[in-house]
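Please work through the following exercises with the sequence and the three-dimensional model side by side. Each one sets a task and is followed by a solution in steps.

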Amino acid sequence: MTLDELEIKCRECTKCGLCEGRTNLVFGEGKKDADIMLIGEGPGENEDLQGRPFVGRSGQLLDKFLASVDLSREKNVYIANMVKCRPPKNRDPKPEEQDVCINWLREQFKIIRPKIIICVGRISAQRLIDKDFRVTKEHGVFYERNGVLMMGTYHPAAILRNPNNKELAFADWLAVRDKINELGIII
């Protein structure tokens, strides 16, 4: 199965109530065989309207972080979310919503086969790395899970709310660049 075929199937999903309020499915975007995959929590209002992940102010900040280490959604990363439909009022996706949607993400992993997964924010890091993950304490640290390196970092929206963490987040992206070089990944 291809990502395009999987997305078509995902568009038909009605397994949780999030589908009822969505304007657009936000499946993911980027290089379809990327070695680096970013996973956020779920679409916000701008993402829901455009059907694309990380396109609002936080997405602009994320794009700046990516560009600072020669990464971009156009050429060498794939970006997805834990849930594919916008939670009401941009609330965190509930565990049961993540449980329903996780299989779509697992299928994306199987198709893309990334070498590095960056969990953007607490929600994805707690689901994919460790349920007790604390971004403020464990950001920038790589963990190996089933042959894939994973790291959690600050969500750009959190940085916009607290700009004091911008330098810490930037250091995380430098660590990603160093890990890419260490592994000999050609970007």
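**Exercise 1. Describe the second largest pocket by the classes of its lining residues, by its volume and by its members.**

The lining of the second largest pocket divides into six nonpolar, one polar and two charged residues, where Ala, Val, Leu, Ile, Met, Phe, Trp, Tyr, Cys and Pro count as nonpolar, Asp, Glu, Lys and Arg as charged, and the others, Gly among them, as polar. The model is a predicted one, in which local features need pLDDT of at least 70 and side-chain atom pairs count only at pLDDT 80 or more, whereas totals for chains, interfaces and linings use all residues. Residues are numbered from 1 along each chain as its sequence is written, and side-chain values use heavy atoms, with hydrogens and water left out.

On a 1 Å grid over the protein atoms alone, a pocket is an open set of points with protein on both sides within 12 Å along at least five of seven lines, a cavity is a set where a 1.4 Å probe fits but cannot get out, and lining residues have an atom within 4 Å of a point. Grid points are joined across faces, edges and corners, and a volume is the space filled by probe spheres set on the points.

Step 2 is to apply them: the second largest pocket holds about 220 Å³ of space, and its lining consists of Phe109, Arg113, Pro114, Ile117, Leu128, Arg145, Asn146, Val148 and Met150.

**Exercise 2. Characterise the largest pocket and the elements that contribute to it.**

Step 1: the volume of the largest pocket is about 680 Å³, and of its 31 lining residues Glu41, His155, Ala157, Ala158 and Arg161 lie nearest the centre.

Step 2: helices H3 (45–50), H4 (57–68), H6 (122–128), H7 (135–138) and H8 (156–161) each supply at least two residues of this lining, helices (H or I, at least four residues) and strands (E, at least two) being DSSP runs numbered from the N terminus. H8 gives the most, with four residues.

Step 3: by class, the lining of the largest pocket comprises 12 nonpolar, 10 polar and nine charged residues.

**Exercise 3. Find the enclosed space and state what surrounds it.**

Step 1: the count comes to one cavity of 30 Å³ or more, and the largest cavity has a volume of about 100 Å³.

Step 2: this largest cavity is lined by 13 residues, with Cys13, Cys16, Arg22, Cys85 and Cys101 nearest its centre. Helix H2 (18–21) and H5 each supply at least two residues of the lining, and the largest share, three residues, comes from H5.

Step 3: the lining of the largest cavity has 11 nonpolar, no polar and two charged residues.

**Exercise 4. Determine how the buried residues of helix H1 are arranged.**

Step 1: in H1 (residues 3–11) the buried residues are Leu3, Leu6, Glu7 and Cys10. They cover an arc of only 100° around the axis, which puts them on the same side of H1, the arc being that of the directions from the helix axis to the C-beta atoms.

Step 2: strand E3 (77–81) and helix H5 (95–112) are among what covers these buried residues.

Methods
Buried means under 20% relative accessible area, exposed over 50%, partly exposed in between (1.4 Å probe, protein chains only). Contact means heavy atoms within 4.5 Å.
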